[in-house]
Amino acid sequence: MPPISLLIKPASGSCNMRCRYCFYTDEAENRAVASMGRMTPEAMRLIADKALAWADGDCTFAFQGGEPSLAGLDFFRGLTDYVSAHPNPRGVRVHYAFQTNGYALDEAWAQWFAQNKVLVGISLDGPKELHDRYRVDRAGKGTFNRVMASIRLLERHGVDFNILTVVSAANARRGRQVYEFFKKQGFRYQQYIECLDPIGQAPGGNEYSLTPERYGAFLKAVFDAWYLDMKAGRYVYNRYFENLMMLLSGQAPESCNLQGVCAPQWVIEADGSVYPCDFYALDRWRLGNILTDSFPEMEQKRQELGFIQWSRRLPEECRACRYVMLCRNGCRRNREPVTADSTGKNYFCEAYREFLDYAAPRLMEVYQLLRRRAGL
(Lines give C-alpha, C1' and ligand atoms only; values in the text may rest on other atoms or scores of the structure.)
Protein backbone atom coordinates (compact mmCIF):
# COMPACT_ATOMS: atom_id res chain seq x y z
CA MET A 1 0.00 0.00 0.00
CA PRO A 2 1.27 3.54 -0.79
CA PRO A 3 1.53 6.68 1.31
CA ILE A 4 -1.76 8.50 0.93
CA SER A 5 -2.78 12.15 0.74
CA LEU A 6 -6.45 13.11 0.91
CA LEU A 7 -7.72 16.51 -0.19
CA ILE A 8 -10.91 16.98 1.83
CA LYS A 9 -13.55 19.67 1.25
CA PRO A 10 -15.45 19.62 4.57
CA ALA A 11 -17.55 22.69 3.70
CA SER A 12 -17.86 21.76 0.02
CA GLY A 13 -17.51 24.88 -2.15
CA SER A 14 -19.00 27.24 0.44
CA CYS A 15 -16.98 30.36 1.17
CA ASN A 16 -17.13 33.50 3.28
CA MET A 17 -15.57 35.53 0.47
CA ARG A 18 -16.65 36.25 -3.10
CA CYS A 19 -13.47 36.30 -5.18
CA ARG A 20 -14.33 37.50 -8.65
CA TYR A 21 -12.29 34.80 -10.40
CA CYS A 22 -13.32 31.89 -8.15
CA PHE A 23 -12.90 28.60 -9.96
CA TYR A 24 -14.71 26.59 -7.29
CA THR A 25 -17.94 28.56 -7.68
CA ASP A 26 -17.82 27.84 -11.41
CA GLU A 27 -17.03 24.17 -10.79
CA ALA A 28 -19.96 23.79 -8.38
CA GLU A 29 -22.32 25.39 -10.90
CA ASN A 30 -21.30 22.72 -13.42
CA ARG A 31 -22.56 19.87 -11.21
CA ALA A 32 -26.10 18.55 -10.75
CA VAL A 33 -25.74 19.36 -7.03
CA ALA A 34 -23.68 22.50 -6.46
CA SER A 35 -23.02 22.21 -2.71
CA MET A 36 -22.60 19.00 -0.75
CA GLY A 37 -23.25 20.81 2.54
CA ARG A 38 -21.05 20.13 5.56
CA MET A 39 -19.18 16.94 6.35
CA THR A 40 -20.28 15.29 9.59
CA PRO A 41 -17.79 14.36 12.32
CA GLU A 42 -18.88 10.74 11.93
CA ALA A 43 -18.00 10.81 8.23
CA MET A 44 -14.62 12.34 8.99
CA ARG A 45 -13.84 9.62 11.52
CA LEU A 46 -14.75 6.91 9.01
CA ILE A 47 -12.49 8.53 6.42
CA ALA A 48 -9.66 8.58 8.97
CA ASP A 49 -10.23 4.88 9.76
CA LYS A 50 -10.09 3.90 6.09
CA ALA A 51 -7.09 6.09 5.30
CA LEU A 52 -4.98 4.89 8.23
CA ALA A 53 -5.83 1.28 7.43
CA TRP A 54 -4.78 1.72 3.80
CA ALA A 55 -1.78 4.05 4.05
CA ASP A 56 1.80 2.87 4.23
CA GLY A 57 4.29 5.11 6.00
CA ASP A 58 2.54 8.45 5.70
CA CYS A 59 -1.01 9.77 5.62
CA THR A 60 -1.82 13.42 4.94
CA PHE A 61 -5.18 15.00 5.64
CA ALA A 62 -5.28 18.22 3.59
CA PHE A 63 -8.28 20.52 3.79
CA GLN A 64 -9.53 22.89 1.14
CA GLY A 65 -12.79 24.42 -0.04
CA GLY A 66 -14.39 26.75 -0.78
CA GLU A 67 -13.23 27.72 2.67
CA PRO A 68 -12.62 24.74 5.00
CA SER A 69 -12.75 26.81 8.20
CA LEU A 70 -16.52 27.07 7.65
CA ALA A 71 -16.76 23.48 8.92
CA GLY A 72 -15.94 24.92 12.36
CA LEU A 73 -12.93 24.46 14.60
CA ASP A 74 -14.67 21.75 16.66
CA PHE A 75 -14.83 19.59 13.51
CA PHE A 76 -11.05 19.67 13.19
CA ARG A 77 -10.39 19.32 16.91
CA GLY A 78 -12.53 16.21 16.81
CA LEU A 79 -10.41 14.79 14.00
CA THR A 80 -7.03 15.39 15.62
CA ASP A 81 -8.28 14.09 18.98
CA TYR A 82 -9.65 10.99 17.25
CA VAL A 83 -6.46 10.31 15.28
CA SER A 84 -4.30 10.81 18.38
CA ALA A 85 -6.33 8.16 20.21
CA HIS A 86 -6.55 5.88 17.15
CA PRO A 87 -4.69 2.54 17.33
CA ASN A 88 -1.77 2.82 14.92
CA PRO A 89 0.06 -0.51 15.02
CA ARG A 90 1.84 0.08 11.69
CA GLY A 91 3.19 3.44 12.81
CA VAL A 92 1.64 5.52 10.04
CA ARG A 93 2.91 9.11 10.23
CA VAL A 94 0.01 11.56 10.11
CA HIS A 95 0.31 15.05 8.62
CA TYR A 96 -2.18 17.91 8.33
CA ALA A 97 -2.45 20.73 5.79
CA PHE A 98 -5.00 23.51 5.52
CA GLN A 99 -5.58 25.89 2.62
CA THR A 100 -7.48 29.00 3.72
CA ASN A 101 -8.40 32.45 2.52
CA GLY A 102 -7.44 33.75 5.98
CA TYR A 103 -10.60 35.81 6.29
CA ALA A 104 -11.88 34.57 9.65
CA LEU A 105 -8.98 33.04 11.57
CA ASP A 106 -8.59 33.84 15.26
CA GLU A 107 -6.44 32.88 18.26
CA ALA A 108 -8.18 29.53 18.68
CA TRP A 109 -7.50 28.57 15.07
CA ALA A 110 -3.85 29.60 15.36
CA GLN A 111 -3.44 27.58 18.55
CA TRP A 112 -4.92 24.49 16.89
CA PHE A 113 -2.64 24.88 13.86
CA ALA A 114 0.41 25.21 16.11
CA GLN A 115 -0.48 22.36 18.44
CA ASN A 116 -1.05 19.93 15.58
CA LYS A 117 1.81 21.11 13.34
CA VAL A 118 -0.60 21.97 10.54
CA LEU A 119 1.00 23.37 7.38
CA VAL A 120 -1.18 26.30 6.39
CA GLY A 121 -1.48 27.72 2.91
CA ILE A 122 -2.92 31.22 2.90
CA SER A 123 -4.17 32.99 -0.21
CA LEU A 124 -2.71 36.42 -0.89
CA ASP A 125 -2.45 38.03 -4.31
CA GLY A 126 0.11 40.71 -3.51
CA PRO A 127 -0.02 44.17 -1.90
CA LYS A 128 -3.35 45.69 -0.96
CA GLU A 129 -4.25 47.32 -4.26
CA LEU A 130 -3.65 44.08 -6.16
CA HIS A 131 -5.13 41.64 -3.63
CA ASP A 132 -8.30 43.72 -3.18
CA ARG A 133 -8.91 43.91 -6.94
CA TYR A 134 -10.52 40.47 -7.07
CA ARG A 135 -10.40 38.95 -3.56
CA VAL A 136 -13.41 40.62 -1.94
CA ASP A 137 -15.93 39.76 0.76
CA ARG A 138 -19.66 39.24 0.39
CA ALA A 139 -20.20 43.01 0.39
CA GLY A 140 -17.66 43.49 -2.38
CA LYS A 141 -15.07 45.03 -0.07
CA GLY A 142 -11.38 44.17 -0.15
CA THR A 143 -10.06 41.53 2.26
CA PHE A 144 -6.37 42.42 2.40
CA ASN A 145 -6.34 43.85 5.92
CA ARG A 146 -8.10 40.83 7.42
CA VAL A 147 -5.85 38.37 5.61
CA MET A 148 -2.70 40.17 6.73
CA ALA A 149 -3.96 40.20 10.32
CA SER A 150 -4.43 36.43 10.09
CA ILE A 151 -0.91 35.97 8.75
CA ARG A 152 0.56 37.96 11.64
CA LEU A 153 -1.49 35.81 13.99
CA LEU A 154 0.02 32.66 12.48
CA GLU A 155 3.50 34.14 12.83
CA ARG A 156 2.96 34.93 16.51
CA HIS A 157 1.95 31.34 17.17
CA GLY A 158 4.85 29.86 15.20
CA VAL A 159 2.61 28.24 12.59
CA ASP A 160 4.31 27.02 9.41
CA PHE A 161 2.63 28.66 6.43
CA ASN A 162 3.21 29.47 2.81
CA ILE A 163 1.66 31.99 0.45
CA LEU A 164 -0.54 30.90 -2.45
CA THR A 165 -0.99 33.54 -5.14
CA VAL A 166 -3.41 33.41 -8.05
CA VAL A 167 -1.79 35.08 -11.03
CA SER A 168 -4.48 37.12 -12.79
CA ALA A 169 -4.60 40.04 -15.20
CA ALA A 170 -4.07 42.49 -12.33
CA ASN A 171 -0.92 41.19 -10.66
CA ALA A 172 0.60 39.59 -13.78
CA ARG A 173 1.59 43.07 -14.94
CA ARG A 174 3.45 43.73 -11.68
CA GLY A 175 5.35 40.54 -10.94
CA ARG A 176 8.43 42.25 -9.52
CA GLN A 177 6.28 44.34 -7.19
CA VAL A 178 4.43 41.24 -5.92
CA TYR A 179 7.67 39.38 -5.29
CA GLU A 180 9.34 42.28 -3.51
CA PHE A 181 6.26 42.88 -1.37
CA PHE A 182 6.25 39.26 -0.22
CA LYS A 183 9.95 39.38 0.51
CA LYS A 184 9.61 42.58 2.51
CA GLN A 185 6.87 40.95 4.57
CA GLY A 186 9.10 37.95 5.26
CA PHE A 187 7.07 35.53 3.11
CA ARG A 188 9.81 33.30 1.73
CA TYR A 189 7.67 30.29 0.80
CA GLN A 190 5.72 31.21 -2.30
CA GLN A 191 3.52 29.37 -4.76
CA TYR A 192 1.93 30.94 -7.82
CA ILE A 193 -0.93 29.36 -9.76
CA GLU A 194 -2.56 30.44 -13.00
CA CYS A 195 -5.99 32.06 -12.83
CA LEU A 196 -8.55 29.82 -14.56
CA ASP A 197 -11.35 30.90 -16.83
CA PRO A 198 -14.76 29.23 -16.42
CA ILE A 199 -15.19 25.62 -17.53
CA GLY A 200 -16.05 25.32 -21.21
CA GLN A 201 -15.33 28.98 -21.91
CA ALA A 202 -12.62 30.04 -24.34
CA PRO A 203 -9.80 31.46 -22.19
CA GLY A 204 -8.82 35.09 -22.14
CA GLY A 205 -12.23 36.73 -22.33
CA ASN A 206 -12.72 37.94 -18.77
CA GLU A 207 -11.49 41.10 -17.08
CA TYR A 208 -9.37 38.98 -14.73
CA SER A 209 -8.14 36.53 -17.39
CA LEU A 210 -4.48 35.58 -17.49
CA THR A 211 -3.18 35.47 -21.05
CA PRO A 212 0.02 33.69 -22.17
CA GLU A 213 1.63 37.04 -22.93
CA ARG A 214 0.89 38.38 -19.44
CA TYR A 215 1.97 35.16 -17.77
CA GLY A 216 5.28 35.02 -19.62
CA ALA A 217 6.07 38.57 -18.54
CA PHE A 218 5.11 37.76 -14.94
CA LEU A 219 7.34 34.67 -14.78
CA LYS A 220 10.33 36.59 -16.12
CA ALA A 221 9.85 39.50 -13.73
CA VAL A 222 9.56 37.23 -10.69
CA PHE A 223 12.48 35.12 -11.86
CA ASP A 224 14.83 38.09 -12.25
CA ALA A 225 14.20 39.17 -8.65
CA TRP A 226 14.40 35.59 -7.33
CA TYR A 227 17.65 34.91 -9.22
CA LEU A 228 19.37 37.92 -7.66
CA ASP A 229 18.28 36.83 -4.18
CA MET A 230 19.44 33.26 -4.69
CA LYS A 231 22.83 34.41 -6.02
CA ALA A 232 23.23 36.63 -2.96
CA GLY A 233 22.43 33.81 -0.56
CA ARG A 234 18.92 35.06 0.29
CA TYR A 235 16.88 31.87 -0.09
CA VAL A 236 13.28 32.23 -1.30
CA TYR A 237 11.24 29.14 -2.10
CA ASN A 238 9.32 29.32 -5.38
CA ARG A 239 7.55 26.04 -6.11
CA TYR A 240 7.66 26.32 -9.90
CA PHE A 241 11.33 27.25 -10.02
CA GLU A 242 12.23 24.54 -7.51
CA ASN A 243 10.48 21.91 -9.61
CA LEU A 244 12.19 23.10 -12.77
CA MET A 245 15.56 22.72 -11.03
CA MET A 246 14.60 19.19 -10.03
CA LEU A 247 13.89 18.37 -13.67
CA LEU A 248 17.10 20.01 -14.88
CA SER A 249 19.06 17.87 -12.45
CA GLY A 250 17.37 14.63 -13.50
CA GLN A 251 15.06 14.34 -10.51
CA ALA A 252 11.33 13.70 -10.58
CA PRO A 253 9.27 16.84 -9.86
CA GLU A 254 6.86 16.81 -6.92
CA SER A 255 4.33 19.10 -8.62
CA CYS A 256 1.83 17.12 -10.69
CA ASN A 257 1.58 19.76 -13.43
CA LEU A 258 5.22 19.05 -14.36
CA GLN A 259 5.05 15.27 -14.25
CA GLY A 260 3.54 14.89 -17.71
CA VAL A 261 0.71 12.79 -16.29
CA CYS A 262 -2.01 13.40 -13.72
CA ALA A 263 -1.19 12.14 -10.24
CA PRO A 264 -3.55 9.64 -8.51
CA GLN A 265 -5.24 12.13 -6.21
CA TRP A 266 -8.15 11.62 -3.82
CA VAL A 267 -10.43 14.67 -3.60
CA ILE A 268 -13.25 14.12 -1.09
CA GLU A 269 -16.37 16.25 -1.04
CA ALA A 270 -18.42 16.94 2.07
CA ASP A 271 -20.84 14.09 1.32
CA GLY A 272 -17.98 11.61 0.82
CA SER A 273 -17.99 11.72 -3.00
CA VAL A 274 -14.50 11.19 -4.40
CA TYR A 275 -12.96 12.75 -7.50
CA PRO A 276 -9.58 12.33 -9.25
CA CYS A 277 -8.50 15.99 -9.10
CA ASP A 278 -9.51 19.26 -7.47
CA PHE A 279 -10.03 20.74 -10.94
CA TYR A 280 -12.31 17.85 -11.92
CA ALA A 281 -14.74 17.53 -9.00
CA LEU A 282 -17.47 17.10 -11.61
CA ASP A 283 -20.21 14.51 -12.01
CA ARG A 284 -18.66 12.68 -14.96
CA TRP A 285 -15.42 12.09 -13.04
CA ARG A 286 -16.90 10.85 -9.77
CA LEU A 287 -14.98 7.78 -8.55
CA GLY A 288 -17.42 6.71 -5.85
CA ASN A 289 -18.04 7.54 -2.22
CA ILE A 290 -15.44 6.91 0.45
CA LEU A 291 -18.15 6.21 3.02
CA THR A 292 -19.33 3.16 1.07
CA ASP A 293 -16.56 2.25 -1.39
CA SER A 294 -13.04 0.98 -0.80
CA PHE A 295 -9.89 2.61 -2.13
CA PRO A 296 -9.27 -0.32 -4.54
CA GLU A 297 -12.82 -0.02 -5.88
CA MET A 298 -12.43 3.70 -6.48
CA GLU A 299 -9.02 3.17 -8.06
CA GLN A 300 -10.64 0.71 -10.45
CA LYS A 301 -13.19 3.36 -11.38
CA ARG A 302 -10.36 5.82 -12.03
CA GLN A 303 -8.83 3.32 -14.45
CA GLU A 304 -12.17 2.70 -16.17
CA LEU A 305 -12.69 6.43 -16.70
CA GLY A 306 -9.24 6.78 -18.24
CA PHE A 307 -8.50 9.94 -16.30
CA ILE A 308 -4.78 9.29 -15.83
CA GLN A 309 -4.28 7.43 -19.09
CA TRP A 310 -5.72 10.26 -21.16
CA SER A 311 -3.41 12.76 -19.51
CA ARG A 312 -0.31 10.94 -20.79
CA ARG A 313 -0.85 12.03 -24.38
CA LEU A 314 1.28 14.76 -25.95
CA PRO A 315 0.50 16.78 -29.07
CA GLU A 316 2.97 16.28 -31.92
CA GLU A 317 4.15 19.87 -31.52
CA CYS A 318 5.21 19.09 -27.95
CA ARG A 319 7.19 16.03 -28.98
CA ALA A 320 9.36 18.19 -31.21
CA CYS A 321 9.87 20.95 -28.63
CA ARG A 322 13.29 21.28 -26.98
CA TYR A 323 11.58 21.96 -23.65
CA VAL A 324 9.28 18.96 -23.62
CA MET A 325 11.05 17.40 -20.63
CA LEU A 326 10.74 20.62 -18.64
CA CYS A 327 7.21 21.60 -19.61
CA ARG A 328 5.47 18.20 -20.18
CA ASN A 329 2.56 20.22 -21.64
CA GLY A 330 1.66 21.41 -18.15
CA CYS A 331 -1.56 20.89 -16.21
CA ARG A 332 -4.32 18.95 -17.91
CA ARG A 333 -6.86 21.65 -16.96
CA ASN A 334 -5.04 24.09 -19.27
CA ARG A 335 -4.99 21.76 -22.25
CA GLU A 336 -8.60 20.78 -22.65
CA PRO A 337 -10.14 19.15 -24.59
CA VAL A 338 -8.48 15.96 -23.38
CA THR A 339 -10.03 12.75 -24.73
CA ALA A 340 -9.14 9.09 -25.12
CA ASP A 341 -7.65 9.92 -28.51
CA SER A 342 -6.01 13.32 -28.20
CA THR A 343 -5.03 16.21 -25.98
CA GLY A 344 -4.84 19.90 -26.66
CA LYS A 345 -1.73 22.05 -26.40
CA ASN A 346 -1.42 23.89 -23.09
CA TYR A 347 -2.96 27.35 -23.26
CA PHE A 348 0.15 28.81 -21.63
CA CYS A 349 2.58 27.04 -23.99
CA GLU A 350 4.06 30.27 -25.37
CA ALA A 351 4.51 31.67 -21.86
CA TYR A 352 6.45 28.57 -20.80
CA ARG A 353 8.55 28.52 -23.97
CA GLU A 354 9.43 32.20 -23.70
CA PHE A 355 10.23 31.87 -20.00
CA LEU A 356 12.44 28.79 -20.44
CA ASP A 357 14.34 30.47 -23.27
CA TYR A 358 14.95 33.31 -20.86
CA ALA A 359 15.68 31.45 -17.63
CA ALA A 360 16.83 27.84 -18.16
CA PRO A 361 20.62 28.48 -18.06
CA ARG A 362 20.31 30.61 -14.92
CA LEU A 363 18.05 28.04 -13.27
CA MET A 364 20.81 25.46 -13.72
CA GLU A 365 23.30 27.99 -12.37
CA VAL A 366 21.23 28.43 -9.21
CA TYR A 367 20.90 24.66 -8.81
CA GLN A 368 24.67 24.20 -8.99
CA LEU A 369 25.16 27.08 -6.56
CA LEU A 370 22.79 25.51 -4.04
CA ARG A 371 24.63 22.20 -4.33
CA ARG A 372 27.98 23.85 -3.65
CA ARG A 373 26.61 25.68 -0.64
CA ALA A 374 25.27 22.39 0.70
CA GLY A 375 28.68 20.77 0.19
CA LEU A 376 27.42 18.32 -2.46
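Two strands count as paired here if DSSP finds at least two bridges between them, and strands themselves are DSSP runs (E, at least two residues), just as helices are (H or I, at least four), numbered from the N terminus.

**View 1. Strands β1 and β2 side by side.** β1 (residues 4-8) and β2 (residues 58-63) run parallel and share 5 bridges. Look for L6: its bridge partner in β2 is F61. This is a predicted model, with local features needing pLDDT of at least 70 and side-chain atom pairs pLDDT 80 or more, while totals for chains, interfaces and linings use all residues. Numbering starts from 1 along each chain as its sequence is written, and side-chain values use heavy atoms, with hydrogens and water left out.

**View 2. The whole sheet.** The open sheet has 10 strands with mixed pairing, in the order β7-β6-β5-β4-β3-β2-β1-β8-β9-β10. β7 (237-238) and β10 (288-289) are the edge strands with a single partner each, so one side of each has no neighbour in the sheet.

**View 3. Helix α8 against α9.** α8 (residues 175-184) packs on α9 (residues 212-231) at about 40°, axes 7 Å apart; axes are lines fitted to C-alpha atoms, for helices over the stretch in contact, and angles run from 0 to 180 degrees between N-to-C directions. On the α8 side, G175, R176, Y179, E180 and K183 make the contact (heavy atoms within 4.5 Å); their partners in α9 include F218, W226 and D229.

**View 4. Helix α8 over the strands.** α8 lies across β5 (161-167) and β6 (189-194), at about 150° to β6.
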